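Work through the exercises below with the sequence and the 3D structure at hand, and try each task before you read its solution.

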Amino acid sequence: MTSDVAALIEAAGDGIDFDGLVVEDTAYGYRFETPAVSKRGIDTSELAALADGDPYVANWRYWVETVGGRGTARRAFLRWLEGADDATVGEGDAEDEGGHGEASDGAEHADADDANAEDADGETDDESDAVDARERLAALRDGGRVRTWGELRIRVRLGGAGGERVYDVRHRDDADADPRDLDTHRDPSDAHDLVKHDDRGRYRPLSTAPSLPHGWRFVDLDGGALVDTVDYVYPATVANWHREREGDLDVTHWRETADRQSGIYDLVSDLPTEALAWAAEACCVDSQCLKRREWDHDADTDLDVPRGDGEFPCREPCSLFVAAAREFTKLEREPEETREVTLSESEVEGLGDLVDAVAEDRVNDVREADLDDGANRYRVRYLRAKRGRRLGMD
Amino acid sequence: MQALVIAAHGSHLNPGSSEPTFAHAETIRAAGAFDEVREAFWKEEPSFREVLRTLESEEVYVVPLFVSEGYFTERVIPRELRLAEWDVSAWDSDGTDADHATLRATDVDKTVHYCGPVGTHDAMGDVIVERARSITEGRDLTDFGLAVVGHGTERNENSAKAIHYHADRLRRSGLFAEVRAVFMDEEPEVDDVATLFETDDVVVVPLFVADGFHTREDIPVDMGLTDDYRTGYDVPTAVDGVRIWYAGAVGTEPLVADVVLERAADAGADVADAIVAVRERTRSGSDASAEAATGRSR
Ligand code: SF4
């Protein structure tokens, strides 16, 4: 008798209803049902024979024992990865891999808006759930299932004969990269070094900036190691995502965050609301940060700035935002003056290009000899030579 | 389940700032005493605000990787962790002998044991000695002077207190011929370190958590080890006829992991085996025990 079977028989007394597997200990013997088998009134040895090597039993065991942690963010995330949370299957971001996984896409009937199926943790409510379970397991066996989390591409598949999963992670842009071109890692704590700098070697102070470096992969992770890896790359995103799904994300709005500050950040509470919106547009939109901004000025005063489409929420202005707000507050405190400046139309246009190029982090892409571009180095040097750093203003 | 959170400053600008935090966390993780070990930062992520919710453990030991008791350890960290009941009197400290406080955080269902910072734990004295030994490659230090370098008063007076505290204890230990506390922005200044000592050799150990601008650039230049920090300097470098053995930030010393564990142990964490394992791994295997010499007992 395998340990799966022993565990099943032990749990049968309380009844099992999980991912298509139903086991009951009734007055007329055991009931054992999976999408493939349906037996009633069987004795222990028949139950054991049926359960031995059964993929639904192995799957149940994986979730009950290996993953465990009912109600934890870790478990919810692992369920979500393989579309086993009922709710999010079919939201369209579960990519296929190499033509596999068709089956799971076929199951895209679930109500995508119903992002919070109450107990999404495995209970077989009706026939279609059982079908889901079958298709899901088939897809996991068959090349696996892929989801993205920020810029991460996470794949889960069944490893070996039992229900154990194997996870791997890489940059989503490296989806089709030859594994030989990627540095292979197995230890989650390698991740913090890996993601500390972007591809150009610049330090990344904001983990959710869309500048994740390429060229690496994590392989052969178990569920715990996978979540640890994700937590190194995007700290606390799984926890906050889970809170949001459970309907208890504790958003802290700017007003409260600003009022709490002390020391050198004390002054940020003076940032005007209008400037706060500019700051959010500067720092928090999807091109700068993959978190979906859920905070506003206060609960009643929304900022008219796109929140972003990210999977995981931003529940409070982060330290980088507060540090930026400090500088913006100082800027806003300065008096404005009307100044006279003499520039040609093309010079004004060129300055606009320059502002855009810096704001969009495009400066390094401007070609050396592309003098048409207002952000071209020679052109800007020419402007400085002609007008001076302050463009001729006193 | 029990978890350890190492709470550090981190930086938006200097990627090296959090390196020691990750290194010590890794050492402790490998020792296996905690179900979860997490780094948390003021300037990096996870933030103090959000670290507790990333843990599954119900018992959490928070150890600040800070040099002194003051603004960050007494105000910022407890506030950001939402330890609503926190009051600095719970540490019952005169600035250098914080203990721990057992509290609840308002956003999670956990017991938080908020510990004093590593910098003011007695075991930090052992780390300073360890640092001095490793930079001098195990020389006999009884003819050496030791300068413990601190920032100075700055935002809080306790920062100088912590430096004096360790300097006084190390002086009493007799491990060095002479021990002095010196500072970057108050007297006696680190600039004068070569003239402050009678000894021919002086080991200079900054009580800083990580190497950064101050320890890499300011202090070496101030002491006259080099005119330009980018060109580097020798260890030792002779300044005014005195050999200066500059050790760099003490916080990068692997033995700091031991101090983190000691803090957690003082707060009731069950980590005795891990402490032994971490010491074995991080101490430079010398026969003389710094612990015995500094008169510390467990
Ligand atoms: S405050 Fe803005 S920049 Fe910071 S994490 Fe949230 S969305 Fe991103």
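**Exercise 1: a salt bridge across the chain**

At 39% relative accessibility, A:D361 counts as partly exposed, where buried means under 20% relative accessible area, exposed means over 50%, and partly exposed lies in between (1.4 Å probe, protein chains only). This is a predicted model, in which local features need pLDDT of at least 70 and side-chain atom pairs count only at pLDDT 80 or more, while totals for chains, interfaces and linings use all residues. Residues are numbered from 1 along each chain as its sequence is written, chains are lettered from A and ligands numbered from 1 in the order in which they are written, and side-chain values use heavy atoms, with hydrogens and water left out.

Task: find which residue forms a salt bridge with A:D361, and say where the two partners lie.

Solution. Begin with the criterion, which asks for a side-chain nitrogen of Lys or Arg within 4 Å of a carboxyl oxygen of Asp or Glu. The partner is A:R202, and the closest N and O atoms are 2.9 Å apart. The pair links distant parts of the chain, since A:R202 lies in the loop between α7 (190-194) and β10 (216-221) of chain A, and A:D361 in the loop between α13 (345-359) and α14 of chain A, 159 residues apart. (Helices, H or I with at least four residues, and strands, E with at least two, are DSSP runs numbered from the N terminus.) Finally, A:R202 is partly exposed, with a relative accessible area of 35%.

**Exercise 2: two further salt bridges**

Solution. The side chains of A:R40 and A:E33 meet in a salt bridge, at 3.0 Å from N to O. Over all chains, the structure holds 59 salt bridges.

**Exercise 3: a covered helix**

Task: state how many residues of helix α8 (residues 223-233) of chain A are buried.

Solution. Nine of its eleven residues are buried, so the helix is mostly covered. Among the buried residues of α8(A) are A:L226, A:V230 and A:Y232.
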